[in-house]
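Here's a quick briefing to keep beside you while you look through the model. It starts with the whole chain and then zooms in on one residue.

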Amino acid sequence: MAAPQTTPVQATQIKKPSELPKKTTVVIIGGGIVGLTAALTLVERGVPVVVLEKGRFIGEQSSRNLGWIRKTNRAEDDVPLAVESDKLWAGMNERVGAEVGYRQAGIMFLGKTDTDMAGYERWLKSIDHLNLGSKLLTPDQIDKMIPYGVGHWKGALYTPSDGRAEPELAASAIANAAQKKGAILIENCTARTLTTTGGKVSGVVTEYGEIQCDNVLLAGGAWSRRFLGNMGVRFPTLPLFLSVFKTNPLPHIPIEIAVGAPNFSFRKHIDGSFIMMQRGAIDAPLTIDHLKIGTQFLGALKHGKDVMHVRLNSFFLEDWKLGRRWSKDDVTPFEKVRTFNPPINQSFNKDALDNVREAWPIFQDAQIENEWGGVIDVTPDSNPVIANIAKVPGLTVAIGFSGHGFGTSPAAGQLAADLVMGTTPLIDPTPYLFERL
């Protein structure tokens, strides 16, 4: 089945080079939700912005994720970004003048074993000073908060202030709001490389010509490693493929809390259906990059060895054929693949639904209505890079979100905008420095 249908973004269609803007202050490369929130922030501050998307806006992971907005189980130094995002999500409907589906109903992580619960306790101790309101629950408390279950859990970790939103609605609303406030959004227009003058960024070369600018923000998701590598900037990320599905509407199920168990997760959709996936199984296709930078990920591989299904398949050759180097006049990998649609692992999805039904028989009427694949770009420490690139003055990046980009996107975009313009950052950006990798 196809990827989820996205709400249309009324982006500019470039038909000939003369239609391309000649000059702007900031060019943002990548039409996902982080780049779009950065664009919205900048135009609200009166900064001219052009956003370039190689395919359709929000066509990849920004419309394919689970929609969770969480602080729970984030690394201690990543929590402040999530806290600021909570605040921004709460006011997003008013800010963009549209429904984004935000609901602050809490997220609960279930524990099946003593090892699960010990991990939750360690995390609670690490963030105790941040006063998030997170707490451990007993099995009886789980049953009271999410009734009709027969899961026999050891306990759970619960954060009442966590929430959810609708990826398609939210990203589209943010894009359209940015456009109404003055941002220029151009889709099907690939950024091939950057130009510099006097050692500083001075423009972006697109497939239709060059746009002169003072600064560039790269927010290209899983494609960012390739873009930077062509410029001689080494950025270590590896891809993971997730399979997700949406059920039929289930109005009789009164569960509002999002739930993550060792072998499934679910959260309610705004239309009464549920978004689900198998949390205990993720496809990890081997690529040429595993040979180049795989040693940096040994710790992550050890930690996730029971979850990641490492496979050598046709993706290795497909990825290799796209190439790693090109000139400004060459057709780039981004033009060859405008929108990447990872394969759907239907066995993972079926297994997830079976596991949900086993734990909560009230889901017996649930059926898979639509399913899709998504790719996440994972860094060695699973934290993103939101930083100025010292090697390329005038270039800022907001990349490597490791599957966490949607939830933190309002604050991540604002922090990126702060760094682009050299203003006081929303939070301390130290945890997201490029140099740490």
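Two residues count as in contact here when they have heavy atoms within 4.5 Å of each other. With that in hand, take the contacts in the chain with a separation of 6 or more: residues 24 or more positions apart account for 76% of them. Bear in mind that this is a predicted model.

**Overall build**
- You'll find 13 helices and 22 strands in the chain.
- The radius of gyration is 21 Å, close to the 22 Å that the globule rule gives for 437 residues, so the chain is as compact as a globular protein of that length.
- Laid along its principal axes, the C-alpha trace spans about 65 × 45 × 40 Å.

**Inside and surface**
- Some 59% of the 437 residues count as buried.
- The chain exposes about 17,700 Å², and 54% of that comes from carbon and sulfur atoms.
- As for charge, there are 46 positive and 45 negative side chains, with the centres of the two sets 4 Å apart.

**A look at D162**
- D162 sits in the loop between β7 (155-159) and β8 (163-164).
- Is D162 buried or exposed? Its relative accessibility is 0%, and buried means under 20%, so D162 counts as buried.
- A polar atom of the D162 side chain lies 2.8 Å from the backbone nitrogen of K71.
- Leaving aside residues up to four places away in sequence, D162 touches I69, R70, K71 and T72, along with Q104, A105, G106 and I107.

Technical notes
Residues numbered from 1 in each chain as written. Predicted model: local features only at pLDDT ≥ 70, side-chain atom pairs only at ≥ 80, totals over all residues. Heavy atoms only, no water. Helix = DSSP H or I, 4+ residues; strand = E, 2+ residues; numbered from the N terminus. Rg over C-alpha atoms; globule rule 2.2 N^0.38 Å. Buried < 20%, exposed > 50% of the residue type's maximum accessible area, 1.4 Å probe, protein only. Areas by Shrake-Rupley, 256 points an atom, 1.4 Å probe, with all protein chains shown as cover. Lys, Arg positive; Asp, Glu negative; His and termini not counted. Charge placed at Lys NZ, Arg CZ, Asp CG, Glu CD. Polar contact = N/O pair within 3.5 Å; in protein donor to acceptor, adjacent residues only side chain to side chain.
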